[in-house]
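Grab a pencil and work through these exercises. Each one sets a task, and the solution follows step by step.

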Amino acid sequence: QVQLVESGGGLVQAGGSLRLSCAASGHIFSNYVMGWFRQPSGKEREFVAAMYWGAPRTDYADSVKGRFTISRDTAKNTVYLEMNSLNLEDTAVYYCAASRRLMGTMATLYDYWGQGTQVTVST
């Protein structure tokens, strides 16, 4: 079993940057997919980014491509989401997740979830 805990959220001005962290407990196999999702208030949870734990393949939502970067530190068992050029539409609760199956954009593909961290972008 895998447990995930997000941190690093907060209030940031539009145009600024934040780095979210997702600390994982338990064994993460190299073929697992690590992902980030976000859920704006009153909206559906949406895909942000994903990567294989043991491979350089990554995927990003069009809305964040070029601004966000997903990465991981295997020694720390931690996944990161570096967010740059933040705008108001990025305001959401951000969740990290892990999938034992295919890399994809559907939340139903992911088996383990953190409790989320709030990111609020202000003007």
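**Exercise 1.** Find which cysteine a disulfide joins to Cys22, and work out what parts the pair ties together.

*Solution.* Start with the rule: a disulfide is a pair of cysteine sulfur atoms within 2.5 Å. Cys22 is joined to Cys96, with an S to S distance of 2.0 Å. Last, both Cys22 and Cys96 are buried, where buried means under 20% relative accessible area, exposed over 50%, and partly exposed in between (1.4 Å probe, protein chains only). The total by this rule is one disulfide.

Before you go on, a note on the source: this is a predicted model, where local features need pLDDT of at least 70 and side-chain atom pairs count only at pLDDT 80 or more, while totals for chains, interfaces and linings use all residues. Residues are numbered from 1 along each chain as its sequence is written, and side-chain values use heavy atoms, with hydrogens and water left out.

**Exercise 2.** Trace the network of salt bridges that includes Arg38.

*Solution.* Side chains of opposite charge can pair when their charged atoms come close. Here a salt bridge is a side-chain nitrogen of Lys or Arg within 4 Å of a carboxyl oxygen of Asp or Glu.

1. Arg38 meets Glu46 at 2.6 Å, N to O. Arg38 is buried at 4% relative accessibility, while Glu46 is partly exposed at 31%.
2. Arg38 also meets Asp90, at 2.8 Å, N to O. Arg38 lies in strand S4 and Asp90 in the loop between S8 (78-83) and S9, so this bridge ties together parts 52 residues apart in sequence.
3. Asp90 pairs with Arg67 as well, their closest N and O atoms being 2.8 Å apart. Arg67 lies in the loop between S6 (58-60) and S7 (68-73), so this pair spans 23 residues in sequence. Asp90 is buried at 1%, and Arg67 is buried at 15%.

Put together, shared partners join Arg38, Glu46, Arg67 and Asp90 into one network. The whole structure has five salt bridges.

**Exercise 3.** Is Lys43 buried or exposed, and where is its place?

*Solution.* Lys43 is in the loop between S4 (33-39) and S5 (46-52). Its relative accessibility is 56%, so Lys43 counts as exposed.

Methods:
Helix = DSSP H or I, 4+ residues; strand = E, 2+ residues; numbered from the N terminus.
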